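Student: I have a structure open on my screen and would like to learn how to read it. Could you walk me through some of its features?

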Amino acid sequence: MLASAWKAPDRPRRVPEPFVNPNPFPRGDLALRRFELALPESVNDCLKVLAAHGAGARLVAGGTDLLPQMKNGLVKPAFVVDLSGVAPLHALTCDASGLRIGAAVTARAVELDARVRATYPAVAEAAALIGSVQVRNLATVAGNLCNAAPSADMAPPLLALDAEAVIAGPGGTRRVPLTAFFTGVRRTVLGPGELLLEIAVPPPGPRSGGNYLRHTPRRELDIAVVGVASQIALSDGVCAKARIALAAVAPTPLRATAAEGALEGQALTPASIERASRLAVEATHPISDQRGSAEFRRHLVQVLTRRTLTTALARARA
Amino acid sequence: MARQILRCTVNDEAVEVLVRPYDTLLDALREELGLTGPKEGCGTGDCGACTVHLDGRPVASCLQLAMQARGRAVRTIEGLAKTGVLHPLQDAFVRHGVPQCGFCIPGVLMAAAALLAENPRPSAEEIRYGIAGNLCRCTGYTTMITAIDEAAGVVATARS
């Protein structure tokens, strides 16, 4: 056939969709907007500054969440309070009485701490997954919780370990179980004038084990599509205590209490682990977004719960 | 807005510099001290072009407020080489022709230097993780990894 005899077949013309930038942080001028900076050196000074400036003040520790939000105009504080000069907040203690992570302790310090790795492996595993090494050397574990992203990597292991937030405020110090700390997407119980001092984790007890896993398309520098931590304790061959905590499947990180209840008092077998993994899915109400569909997230919860429970069990037996 | 005095050491020299409260460490290094080795790529901690050492640890200087570096030791790419002698990493990068456009290289070198200080004989996998926080738009990662591996041998031999 001659080339000139060829006619393009009739096809419906595809009209391109208008381009919508999915980036929730449309890039503008990345310079920080003006603010005053306070450099307190004690918790009391810090509380005084917060009391004086109220809701217009923001605390900065590592700055790895706050600064991008400020640069992108999502947060516009008139006053910023730097916690890095408050010495007691840098304390990381791990002994028989438990683990205490001060508000200014970096994710990198927790990730590399030999005692944390030995006794609270899920916490060290989660800390090692945040950002890049350049980010982890700034980012704090407490900041990861206060930022209160549904996908916060530090939340599941600390929830699974029954951690408490120790909060200082105008009325003194209060302790809030982490289960009650998150109140919504990027919202916590922290009121204006309050400061998270430290995260207190009780000792996990003998014959216990934990594990944190998350799913991300990339291995580094990514945000969890789903994150799951499991923590178990064994006694006389049965599961004495089980904790399963999930991230990025609801507005806040949460515990899968029905799945936990199905394991406690039972022998941990592949069948009981599988049943708990299915029950964990029922605790979730995930959304579909650019990271994954709700259906995929439910699938991931089941898979990651099974895997983390299996690893936690192996660690408890070791 | 009142400026504040930032006192710290930069590349082993004590410095006093007036900074605005909302200057990042990267702003202070580049604009006030003229150290333009660290670059602003993304400004949000994703690309690693602004990597400097703070008390020996690699950090994203675009995410740190300048005043947060008070009393601390900052090292930039300008302070990586001893006078007249390239750091083994810089030497290996030159010999392997690693830089293409060169924008990411100061950050990559600082990340790699921190990796070798902590782990003198990293595996190829560990090297990849060590520079995972550094993006190279020229995609010149293969020669980077080769050069870091080679420099690791030199650094480890020099130590022992």
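Tutor: Happy to. In chain B, the crossing of helices α2(B) and α5(B) is right-handed. Keep in mind throughout that this is a predicted model.

Student: At what angle do α2 and α5 of chain B pack, and how far apart are their axes?

Tutor: Helix α2 (residues 88-95) of chain B meets helix α5 (residues 141-159) of chain B at an angle of about 140 degrees, and their axes are 8 Å apart. Angles over 145 degrees would count as roughly antiparallel. The pair α2(B) and α5(B) is therefore oblique.

Student: Which residues make the contact between α2(B) and α5(B)?

Tutor: From α2(B) come B:Pro88, B:Leu89, B:Ala92 and B:Phe93, while α5(B) supplies B:Ala147, B:Ile148, B:Glu150, B:Ala151, B:Val154 and B:Val155. Sorting the contact of α2(B) with α5(B) by class gives nine nonpolar residues, no polar ones and one charged.

Student: Let's step back to whole chains. How many helices and strands does chain B have, and in what order do they run?

Tutor: Chain B has five helices and five strands. Reading from the N terminus, the order is β-β-α-β-β-β-α-α-α-α. The radius of gyration of chain B is 16 Å, close to the 15 Å that the globule rule gives for 160 residues, so chain B is as compact as a globular protein of that length. Its C-alpha atoms fill a box of roughly 50 × 35 × 25 Å along the principal axes.

Student: What are the corresponding figures for chain A?

Tutor: Chain A has 318 residues, and 48% of them count as buried. For contacts between residues at least 6 apart in sequence, 64% join residues at least 24 apart. Chain A has 11 helices and 14 strands, and its C-alpha atoms fill a box of roughly 85 × 60 × 30 Å along the principal axes.

Student: How should I read the size of an interface?

Tutor: The size of an interface is often given as the accessible area lost when the parts come together. Here we can count residues: 24 residues of chain B are in contact with 25 residues of chain A. Strand β4 (residues 57-60) of chain B gives the largest share of the chain B side, four residues. By class, that side has 12 nonpolar, 10 polar and two charged residues.

Student: Which loop of chain B holds B:Asn11, and what is its phi?

Tutor: B:Asn11 lies in the loop between β1 (4-10) and β2 (13-19) of chain B. Its phi is near 50 degrees, a positive value in a residue other than glycine. B:Asn11 counts as partly exposed because it has 18 C-beta neighbours inside 10 Å, and a buried residue needs 20 or more.

Student: What about B:Asp55: where is it found?

Tutor: B:Asp55 is in the loop between β3 (51-54) and β4 of chain B. Although not a glycine, B:Asp55 has a positive phi of about 50 degrees. With 13 C-beta neighbours inside 10 Å, B:Asp55 counts as partly exposed.

Definitions and conventions
Residues numbered from 1 in each chain as written. Chains lettered and ligands numbered in written order. Predicted model: local features only at pLDDT ≥ 70, side-chain atom pairs only at ≥ 80, totals over all residues. Helix = DSSP H or I, 4+ residues; strand = E, 2+ residues; numbered from the N terminus. Rg over C-alpha atoms; globule rule 2.2 N^0.38 Å. Contact = placed C-beta atoms within 7 Å. Nonpolar A, V, L, I, M, F, W, Y, C, P; charged D, E, K, R; others polar. Axes fitted to C-alpha atoms, helices over the stretch in contact; angles between N-to-C directions. Parallel < 35°, antiparallel > 145°, perpendicular 65-115°, else oblique. Left-handed = near helix turned anticlockwise from the far one by under 90°. Buried ≥ 20, exposed ≤ 12 C-beta atoms within 10 Å, placed from the backbone.
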